[in-house]
Amino acid sequence: MTVAPSRASSSEGSDAAGAAPAPAPAAYDRADWSSAFRNVGVELSAVPLSAARGTIPSELSGTLYRNGPGRLERGGHWVHHPFDGDAMITALRFEAGALQLSNRFVRTEGWLAEEAAGKVLFRGVFGTQKPGGPIANAFDLRLKNIANTQVVRLGDQLLALWEASSPHALDPDTLETRGITLLDGVLKPDEAFSAHPRLDPGHHGEPRLVTFGVKAGPTSTVRLMEFATSGDQAGQLLADDSYSFKGFAFLHDFAITPNWAVFLQNAVAFNPLGFVLGQKGAAQCLSSKPGQQGQFWLVPRASGAFAGQKPRLIKAPEGFVFHHLNAFEDASGDLVVDSIFYADFPSIGPDVDFRTIDFDSLPEGQLKRCRIDLKTASVSLELLEPRCCEFAMVNPAQQGLAARYGWMAVAERELGNDPLQAIEKVDLLSGERQVWSASPRGFVNEPVMVPYPQASGAAGPAATGTAAAGQPEDRGWVLVLVWNGARCASDLVILDAATMAEQAVVELPLAIPYGLHGTWSPA
Ligand code: CO
């Protein structure tokens, strides 16, 4: 196992000689990387685990929930893209230095039917086809709600999210599937519900879960919803507004500030012909419109200063964005949005096996800052980090506010597109960076920053550099699942969020394919 800390010196990347670093050759073994693509064969219930190295911090109290594809092959028939794999939830429960692991597949209608049949019965959005070629797939436009993108606690239930349809409700302790939920009548059957809710830490009093659903078409409708998250009210709908925009909307993520919900509508076209004819998945029918700009859609939040006003539409820089790090309003009134930009929409063509993908042929994600001047409706763009990155987050207490630090998954090399093998802490004020690396044989998932627990009642927004209760914004831990190519299994790595030093490594008795998103639920 070679995930010993290879902590880089601070200010890595700002070469003392002033010269740009030359691209180094990639230093990972493709067989290690691709060995993570496999089916999860077991479901575990509250298995106690101990650290192989280091000590699990006794102050960590709560559950890390992770979602991602756990089934990638059935009857010898592979998914075309791992994002088409069925949801498997992992729960890592921390209490007083002890740790328990549970994992369960979400019992979606599609998963149950395919388990019973022992074969693939549904197409996937990212290009998975049923066996039998286009003839067997043409005109089958059913969506298989695979529930595999995010998992979040809301009230007494855990929601497994997939943006094109309804959430699945799970038991937070046992992970048993309760079934599709329409959230007490808030949603219509099969209504789209984003897999990227944002937790407002208290911009307007109590914390809230802010989220959206998109009905895409020649004119697209965005429904913005805010739910209470605390006390007896948890799960109650507090705000609900819908807005229509011209054009086909592909909105995977969004960002919030106290006054705005920020959407970045990429310049994409959707031609469903290949999907209808059984040749492509729906997402493969998206293509970028060369030379055309995307648009920021700024939607006033119901409790904010601009409530009741029309959304503002502002031209965005070129590029394609799946995920945002954060957004905030600064003292001058500018709206600042930090996002991971790709030069183009990255897609895996119908004839390509994802396990043999050529990383050099795909654009890498880079963290960029858009500063939107609301008075002039102009946008300036700044590159914050050239290193290939994805899955970035700030301290949850700084969501929607000026945050000093971000944590994200990055490639080992400082330039070029590679699998994600390291976790970087970036100081958004000074540009200083610290990196913990799992290279050469480890591959990282999305990092989740968990703040040091604070006295109850002390939660709430605070000044930049300090989180609530006046403690440093980087006080806490970063939890990350690492695919260990040497062990062909997954490790949980606990990092000190301030120093990026390794606190503990727990070798899981589980091999979890690369996942999507997860959340921390405090005890
Ligand atoms: Co996402």
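**The largest cavity and beyond**

Mentor: Start with strand 4 (73–74) and strand 5 (77–78): each of them gives at least two residues to the lining of the largest cavity. Strands here are DSSP runs of E, at least two residues long, numbered from the N terminus. Keep in mind that this is a predicted model, where local features need pLDDT of at least 70 and side-chain atom pairs need 80 or more, while totals for chains, interfaces and linings use all residues. Numbering runs from 1 along each chain as its sequence is written, and side-chain values use heavy atoms, without hydrogens or water.

Back to our cavity (grid points 1 Å apart where a 1.4 Å probe fits but cannot get out, lined by residues with an atom within 4 Å of a point). Its volume is about 220 Å³, counted as the space filled by probe spheres set on the points. The lining of the largest cavity takes in 23 residues, and those nearest the centre are Asp 84, Phe 122, Gly 124, Thr 128 and Lys 144. Searching the whole structure turns up 2 cavities of 30 Å³ or more.

Next, the metal. Four histidines hold the cobalt ion through their NE2 atoms, namely His 196, His 252, His 323 and His 517, at 2.0 to 2.1 Å. Donors are N, O and S atoms within 2.8 Å of the metal (3.2 Å for Na, K and Ca). Along the chain, the cobalt donors are spaced H-x55-H-x70-H-x193-H. His 323 sits in strand 22 (residues 320–329) and His 517 in the loop between strand 34 (502–507) and strand 35 (518–522), so this pair ties together parts 194 residues apart in sequence. His 323 counts as buried because its relative accessibility is 8%, and His 517 is buried too, at 3%. Buried means under 20% relative accessible area, with a 1.4 Å probe and protein chains only.

Finally, two serines. Ser 490 belongs to strand 33 (residues 489–496) and is buried at 2% relative accessibility. Beyond its neighbours within four places in sequence, Ser 490 has contacts (heavy atoms within 4.5 Å) that include Val 482, Trp 483, Leu 508 and Ile 512. Ser 220, in strand 14 (residues 219–228), is buried at 0% relative accessibility. With the neighbours within four places left out, Lys 215, Tyr 243 and Phe 248 are among the contacts of Ser 220. Pro 317 is 97 residues from Ser 220 in sequence, and their C-alpha atoms are 21 Å apart.

Definitions and conventions: Helices (H or I, at least four residues) and strands (E, at least two) are DSSP runs, numbered from the N terminus. Buried means under 20% relative accessible area, exposed over 50%, partly exposed in between (1.4 Å probe, protein chains only). On a 1 Å grid over the protein atoms alone, a cavity is a set of points where a 1.4 Å probe fits but cannot get out, and a pocket is an open set with protein on both sides within 12 Å along at least five of seven lines; lining residues have an atom within 4 Å of a point.
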